[in-house]
Amino acid sequence: MPVRVAESSAPSQPSGSNCGQTSPSACSLLSVGQAFSGTQNVSSMQKDEAWRVNVRIQGCDLEHGYLCGTMEALNVPMADTPVVTFWEGEIVDTKNYTFFTGKWEATPEDDIRHWTKFPSFSALQSHVEVDGGKSLDLSNCQYIFMRWKEQYFVNVGTDCGLTIAGFYYVCFSCSDGSINGFYYDPNSSPFQKLELKSTNEGRQGFSFSSYELR
C-alpha cells in the first residue's frame, strides 16, 4: 500500500541464538488460515499516513519456498471500500530462493539496503553480500525472511487509484508471529513499513498487500 511519489561485519559462520543449507524450520504461526492485523506506514514528504491492514495466509509450501495469501487495506484514501489483493511469496531458504531478488527492478544493493532494516539480519549480512546467502544454514533461524509480491486486485478494478507494482521485503518472527516488512518500488517513497501481529483467528491463510496511490 505504498504511496507513489515523484521523486558491519559478521562472524564467518552465523549461528548464535537467532539464526544458524536447508529450509527455515517449520513455524506453527506460518500456516494456512493464520490471520494477521496491523498497519502500513505510507508516509511521504507531503504527509504522514498509516493504513490498517489485515492479512491471511491461503497457501504455504515450505519445501518449495512458496506461500500466498490475501491482504485487505481498510482505510485507503480514494477508495470507498476496503481493497483486497492476492499476493504470492518467496521464502528465503537458500535452496529455492536467496536474499538476492534478481527481478522486479531490485539490484543486490537494493536488497542489502532493505534487508539491513531488520536487526535479525545483521549476523547474516557478510555472507549475503558475497553470494546472496547461498552458503548460509537457516534451518535454526528464529526468523523467516520472505518477499511478497501482489499479483492482482481481488475486489476492485485496476482503475481503483492504487497500484501493486512493487513488492515487500518481509521478516517473520517464529517466536511471536509478528511480521515486519518494507515496500520497494523505485517510483514510491522508500522504506514504507508494514507491521503486523498474529490475531489467532485460525490457521488457514497469510495475506499481504501493497497499495499505492497512482
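How many residues in the lining of the largest pocket are nonpolar, how many polar and how many charged? Keep that in mind while you load the model, which is a predicted one.

**Stop 1: the whole chain**

Show the chain as a cartoon. The protein chain exposes about 9300 Å². Carbon and sulfur atoms supply 48% of that area. Of the 214 residues, 53% count as buried.

**Stop 2: the nonpolar cores**

Hide the surface and select L30, V55, M146, W148, F172, I179 and L194. These residues have the most contacts inside the largest nonpolar core, which has 22 residues. β2 (50-61), β3 (66-73), β4, β5, β7 (167-173), β8 (179-184) and β9 (192-198) each supply at least two of its residues. Next, select A106, F121, V128 and L136. They are among the 18 residues of another core, which lies apart from the largest one. As background, nonpolar side chains in soluble globular proteins tend to be buried together.

**Stop 3**

Move on to charged side chains. A search of the whole structure finds 5 salt bridges. Select E90 and R147. Their closest N and O atoms are 3.0 Å apart, and the two form a salt bridge. E90 sits in strand β4 (residues 83-91), and R147 in strand β5 (residues 143-153). The pair links distant parts of the chain, 57 residues apart. Are these two residues buried or exposed? Both E90 and R147 are buried. E90, K103 and R147 are linked in a network of salt bridges.

**Stop 4: a salt bridge within a helix**

Go to helix α1 (residues 108-115) and select R113 and D110. They form a salt bridge, with the closest N and O atoms 2.8 Å apart. The two residues are 3 apart in this helix, so about one helical turn separates them. Compare how they meet the surface. R113 is partly exposed, with a relative accessible area of 41%. D110 is at 11%, so D110 counts as buried, the cut-off being under 20%.

**Stop 5: a partly exposed pair**

Select K193 and E195. Here the closest N and O atoms of the salt bridge are 3.8 Å apart. K193 is partly exposed at 30% relative accessible area. E195 also counts as partly exposed, at 40% relative accessibility.

**Stop 6: the largest pocket**

Select K117, F118, P119, S120, Y143, C171, S173, S178, I179, N180, F182 and K193. Together they line the largest pocket. About 160 Å³ of space lies in this pocket. Which elements give two or more residues to the lining? They are β7 and β8. The largest share, 3 residues, comes from β8.

K193 lines the pocket and forms the salt bridge with E195. I179 lines the pocket and is one of the residues with the most contacts inside the largest nonpolar core.

Finally, colour the lining by residue class to settle the opening question. The lining divides into 6 nonpolar, 4 polar and 2 charged residues.

Technical notes
Residues are numbered from 1 along each chain as its sequence is written. This is a predicted model: local features need pLDDT of at least 70, side-chain atom pairs count only at pLDDT 80 or more; totals for chains, interfaces and linings use all residues. Side-chain values use heavy atoms; hydrogens and water are left out. A salt bridge is a side-chain nitrogen of Lys or Arg within 4 Å of a carboxyl oxygen of Asp or Glu. Helices (H or I, at least four residues) and strands (E, at least two) are DSSP runs, numbered from the N terminus. Buried means under 20% relative accessible area, exposed over 50%, partly exposed in between (1.4 Å probe, protein chains only). A nonpolar core is a set of buried Ala, Val, Leu, Ile, Met, Phe, Trp, Tyr and Cys residues joined through side-chain atoms within 4.5 Å. On a 1 Å grid over the protein atoms alone, a cavity is a set of points where a 1.4 Å probe fits but cannot get out, and a pocket is an open set with protein on both sides within 12 Å along at least five of seven lines; lining residues have an atom within 4 Å of a point. Grid points are joined across faces, edges and corners, and a volume is the space filled by probe spheres set on the points. Ala, Val, Leu, Ile, Met, Phe, Trp, Tyr, Cys and Pro count as nonpolar, Asp, Glu, Lys and Arg as charged, and the others, Gly among them, as polar. Accessible areas come from the Shrake-Rupley method with a 1.4 Å probe; for residues, only the protein chains shown count as cover.
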